[in-house]
Amino acid sequence: MKTIARLSAALLACSLSAAAGSDAALEAALESITAENVSADIHFIASDALAGRDTPSEGLVVAARFVRSRLQRLGIEPGAEDGYFHRYPLMRLGLDAERTRLVGSAPEAAVELSPGSDYWFRSNYLREDVDTGGGVVFAGAGSEEEIEACELEGDWAVVFDDGSTDSRLRRRVRKAGGVGVVLIPTADFDGEGYAERYGPGLASFVEGRVSYPSERGASSRRMSLFPQLALTRSAGLRLLALAAGRPADVRVEDWTPAVGAELGLSLADERRVLRDDESVQMENVCGFWPGSDPELSREVLIVSAHYDHVGARDGKIWNGADDNGSGTTGLLQIAEALSRYGPMRRSVLLIWVSGEEKGLWGSRAWSDAPWLPEGCRPVANLNIDMIGRNAPDELYITPSADHEQHNGIVKLAQRLAPLEGFPALESADDYYHRSDQAMFARMGIPVAFLFAGIHEDYHKPTDTPEKIDCDKLRRVARLIVRLLDGLQTDSLEF
Ligand SMILES: [Zn+2]
């Protein structure tokens, strides 16, 4: 979008709303926000039809188009480089189960085992193909003394697991120079079954999952990637049947090799990962309301809310009515109020971000590569998340006076809050890093986060729209409009 287009739209809006910037403009804007409109919007955004708005999901795509449609109808301009959607890629990873296998080889024979039926492993942090090979040493039950008694350099440690192996086993084997752990359950295994413990995670990895491309550094993955293979008992016995050293008169199921024995076979753990960096594109929805002042319009006030939630599982939908259907809805009302107000002196970017629940992905993507119309720069962020529950006069804000990022927006909010039925805004400093304002703050701009508190339905399928206090939500949206109106002075004092 070019500056010229932006100014002409501002002039047009100006002529339509002659009262822009006046008390009458503010009144008209505030009056446009009604509990009925709030109720209508939140019953759609948090409806079962959107299936919990997971990132990524069809429901989220529909929500984004609903928001875009509203912006278009209200005459709010597109706020992203090529329209209303700011897009960012997610990395999609999955296990290629067909080409992933565990091969045990002896001089005369070999066995090939399949993931998910013969063995399991944890796939968290698996990002690329893994090939781990080595000889095989029997390490008893994997106790500290037993591991110390083994020559493990470059070898796998095979451990008989009766259900009591401890969580430090992998570290011990790694420290001893081993390449990985192979767990074989004993006949009297008495613990949580491997299929139950590792099956769901591996199955979901076979299906594929998405993550933010730069998520987590390599260092945190090193130990997590150290292999531990959990075999079925029958797969373990097939492997042991290949091993050397078993007395001829002992059946393989009755055999316990000596601790430290080299089993005369090699084991190759081949994992193939399908990685796609391109095809999953997420959307933040951006609406731009150009300012009217030739200079101040270059300064952009960002108002944000995440529109995603955590989706559905076990046949239940997590509607996320308060988290964050409430903020999503509030921002829609703010868009409508701005259209009634007419242009403010400064410009406003309304941004509905996705991926918040997964780790602030949408706001991270935007703040990593911010896009605003030419010549514009962000000067502040107001973020709303969970604003529709708890006592009608209960509202929190961060950074409070006790916080080092305390700023003029928060002071202004404290002054304006009583006008909307919130006598005092208590501190939400514990949540300073827990919603999208944390990402906008990284850009070096002052932020304010408004939030109405946690409740018993937080992150449960019971966070449903009929529990939302639509009048309270209305008043929080009005407070944001008052704040925007108050942030139009010649110079902003933060
Ligand atoms: Zn939230």
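# A guided tour of the model

Start by selecting Phe451: this residue is buried, with a relative accessible area of 4% (buried means under 20% relative accessible area, exposed over 50%, and partly exposed in between, using a 1.4 Å probe and protein chains only). Before you go on, note that this is a predicted model, in which local features need pLDDT of at least 70, side-chain atom pairs count only at pLDDT 80 or more, and totals for chains, interfaces and linings use all residues. Residues are numbered from 1 along each chain as its sequence is written, and side-chain values use heavy atoms, with hydrogens and water left out.

**Aromatic rings**

Rings of Phe, Tyr and Trp (its six-membered ring) pair if their centres lie within 6.5 Å; planes under 30 degrees apart count as stacked, over 60 as edge-to-face and the rest as tilted. By this rule there are 11 aromatic pairs. Tyr396 and Phe451 make a tilted one, with 6.2 Å from centre to centre and 45° between the planes. Helices (H or I, at least four residues) and strands (E, at least two) are DSSP runs, numbered from the N terminus.

**Charges over rings**

Which residue lies over the face of Trp318? Select Arg313, at 4.3 Å from the ring centre of Trp318. Then move to Tyr212, where Arg364 lies over the face at 5.7 Å from the ring centre. A charge sits over a ring if NZ of Lys or CZ of Arg is within 6 Å of the ring centre and within 35 degrees of the ring normal.

Next, show helix α3 (residues 35-45) and helix α4 (residues 58-74), whose axes come within 11 Å and cross at roughly 150°. Axes are lines fitted to C-alpha atoms, for helices over the stretch in contact, and angles run from 0 to 180 degrees between N-to-C directions. The crossing makes α3 roughly antiparallel to α4 (under 35 degrees counts as roughly parallel, over 145 as roughly antiparallel, 65 to 115 as roughly perpendicular and the rest as oblique). To see the contact (heavy atoms within 4.5 Å), select Asp41, Phe44 and Ile45 of α3 with Val62, Phe66 and Arg70 of α4.

In the loop between α3 and α4 you will find Pro56, joined to Thr55 by a cis peptide bond with omega of about -5°. Arg53 lies in that loop too. Is Arg53 buried or exposed? At 0% relative accessibility, Arg53 counts as buried, and its phi is positive, about 50°, although Arg53 is not a glycine.

**Further stops**

Another cis peptide bond joins Asp323 and Asn324, with omega of about -5°; Asn324 is in helix α10 (residues 321-341).

Then go to His459, in the loop between β20 and α15 (470-486). His459 has a positive phi of about 50° and is partly exposed at 28% relative accessibility.

Finish at Asp276 in strand β12 (residues 273-289), which is partly exposed with a relative accessible area of 25%. Leaving aside neighbours within four places in sequence, Asp276 is in contact with Leu90, Met91 and Arg92. From Asp276 to Pro89 is 187 residues in sequence and 9.8 Å in space, C-alpha to C-alpha.
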